[in-house]
Amino acid sequence: MFKTKVTLFLVSFLAIISSSLMAQEVNIELGPDEIGLNETFSIKVTISNDRIKSYDEFPDILGFQKQGISQSSSMNIINGQVTSTNSVIQYYKPNRRGEFSLEPFSVKINGSSYSSPGKKITVLEPRTSQRPGVFDPFDDLFGSRTREEPEFIEIEDDAFFASSVDKSEVFVGEGFNVSLAFYMSETNQAPFQFYEPGRQLDEILKKMKPSNAWEENFNITNIQPERITLNGKNWIKYKVYEATFFPFSDGEIVIPPIAWEMIKYRVARNPTFFGSNRLEDFKTFYSSAKSVNVKPLPQHPLRNEVSVGVYQLRENISTFEVETGEGFTYNFGISGEGNINSISAPRTRQIQKLNTFDPNVRQQINRGMGKIRGVKEFNYYLTINEPGEVKLADHFEWIYFNPVLAKYDTLKPNAVIRVTGESKVNQAISKQRLGGIYDLIEVENNKLSYQRYKYYFSLFINLLLVGSLVLLAILIIRRGNG
């Protein structure tokens with residue numbers, strides 16, 4: 001019994017070792033030494049008993065152009081033993097006749113690097129008929145049988161890439177929306193796939209972003225299809241970028257033509273059950289340029305300071321009735337559409353009986369439907385020192401430019417505070433900057449103070465002049481005696 005267990009253990013152990021030895025056998029197969037100008041060269045990487053999870057780019061060959069990548073897989077059962085192979089094939093099309101060198105190279109498959117010594121390739125005149133090309137591993141599943149390399153054709157596509165702006169003319173500080181999207185008609189038959197959209201966008205935005213504008217990026221992280229209708233035709237829209245720009249200065253902002261690369265597959269003319277029926281290729285789409293004219297704001301003393309947008313006042317107050325010296329909170333909120341980040345605090349006019357402290361600021365920005373909307377709140381703590389009615393509109397105001405109406409407008413509070421109690425103006429003065437010259441203006445006699453300071457100043461100047469004359473006389477006498 002013990003020997004049986006030992007035997008089973010050894011058999012299992014040897015089976016594990018043998019299976020591990022068979023795992024991940026990688027073979028790099030290069031195309032023929034000679035090809036016709038109308039034929040293709042290939043580099044084929046085959047991995048046994050494992051899937052191809054990742055692979056690096058194949059090397060470039062001088063005098064050849066990459067034509068695309070295909071993958072294939074096969075499975076063999078021999079005496080009950082199952083083996084599988086997976087292959088990835090890079091095709092190259094020669095550009096001209098001659099002798100070319102495929103230099104030694106390495107390619108990374110599933111995280112591991114594998115090397116090839118390269119070879120010499122001779123490109124001859126175009127041949128009238130294709131030689132037997134790449135073999136489909138499934139052809140040998142039930143015997144030794146070869147077939148010709150499949151012919152892949154390109155299907156005409158019904159798609160385009162475009163940049164769009166929602167306004168052709170804006171004022172300085174007014175936002176305009178920019179979006180980049182790939183469009184494909186619902187009747188399109190050509191197979192597409194996105195190719196490294198993140199990397200492409202990084203390069204595009206370096207050239208596209210205007211330097212004289214604030215950007216509010218919509219931060220598209222997932223490319224989602226959206227059904228739209230253009231000129232009576234149904235399309236699927238894949239938006240890859242969207243932002244609103246708020247220009248700082250007048251002039252013209254140009255969105256240049258943009259190149260966008262997509263993976264476009266070629267399909268086999270005669271599809272088969274086994275092997276690959278499509279070949280990876282690339283197609284570059286180009287958008288047309290767009291321009292936006294930025295107009296200066298009309299003349300105004302605060303033209304370089306005001307915010308631009310469509311805004312409303314949203315105020316909130318803790319109470320409408322207070323006693324003198326009693327603190328309360330007032331929230332001056334500005335909501336609407338525009339550059340929320342650029343909104344500054346409302347202007348305040350100092351009223352002797354009202355004390356204002358620096359506000360706490362909170363903002364919220366919403367990006368959607370091609371618009372930038374939000375709210376910015378300034379939360380004040382106030383005290384009032386005189387009884388009576390106080391209109392906060394006499395203290396707060398916020399001036400902005402409305403681009404829809406093309407004019408300046410002002411937001412003022414509607415709140416009116418009813419104050420009861422005794423006057424605490426003198427008490428408030430005593431608590432503020434005691435000893436400062438401006439605090440003593442109300443209690444000091446300006447005329448007497450002015451005359452006293454003038455007398456001391458004149459006396460000091462006279463003494464300084466007399467001293468200078470005495471010093472000059474001494475120097476002259478000493479020089480004469482010398």
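Helices (H or I, at least four residues) and strands (E, at least two) are DSSP runs, numbered from the N terminus. This is a predicted model, in which local features need pLDDT of at least 70, side-chain atom pairs count only at pLDDT 80 or more, and totals for chains, interfaces and linings use all residues. Residues are numbered from 1 along each chain as its sequence is written, and side-chain values use heavy atoms, without hydrogens and water.

**View 1. Asn402 lies in strand β30 (residues 396–402).** Asn402 counts as buried because its relative accessibility is 7%; buried means under 20% relative accessible area (1.4 Å probe, protein chains only). Its side chain reaches the backbone nitrogen of Val404 at 2.9 Å. Leaving aside residues up to four places away in sequence, Asn402 touches Gly309, Val310 and Lys407 (contact: heavy atoms within 4.5 Å).

**View 2. Three strands form an open, mixed sheet in the order β2-β9-β6.** Two strands pair if DSSP finds at least two bridges between them. β2 (34–36) and β6 (98–102) are the edges; each has a single partner strand, so one side of each lacks a neighbour in the sheet. β2 and β9 (residues 119–124) pair in the parallel sense over 3 bridges. Glu34 stands opposite Thr122 in β9.

**View 3. The largest nonpolar core has 30 residues.** Such a core is a set of buried Ala, Val, Leu, Ile, Met, Phe, Trp, Tyr and Cys residues joined through side-chain atoms within 4.5 Å. Phe161, Leu180, Phe182, Phe192, Met208 and Tyr241 touch the most other members. Strand β17 gives the most to this core, with 6 residues.

Notes:
Buried means under 20% relative accessible area, exposed over 50%, partly exposed in between (1.4 Å probe, protein chains only). A polar contact is a pair of N or O atoms within 3.5 Å; within protein, one must be able to donate a hydrogen and the other to accept it, and residues adjacent in sequence count only if both atoms are side-chain atoms.
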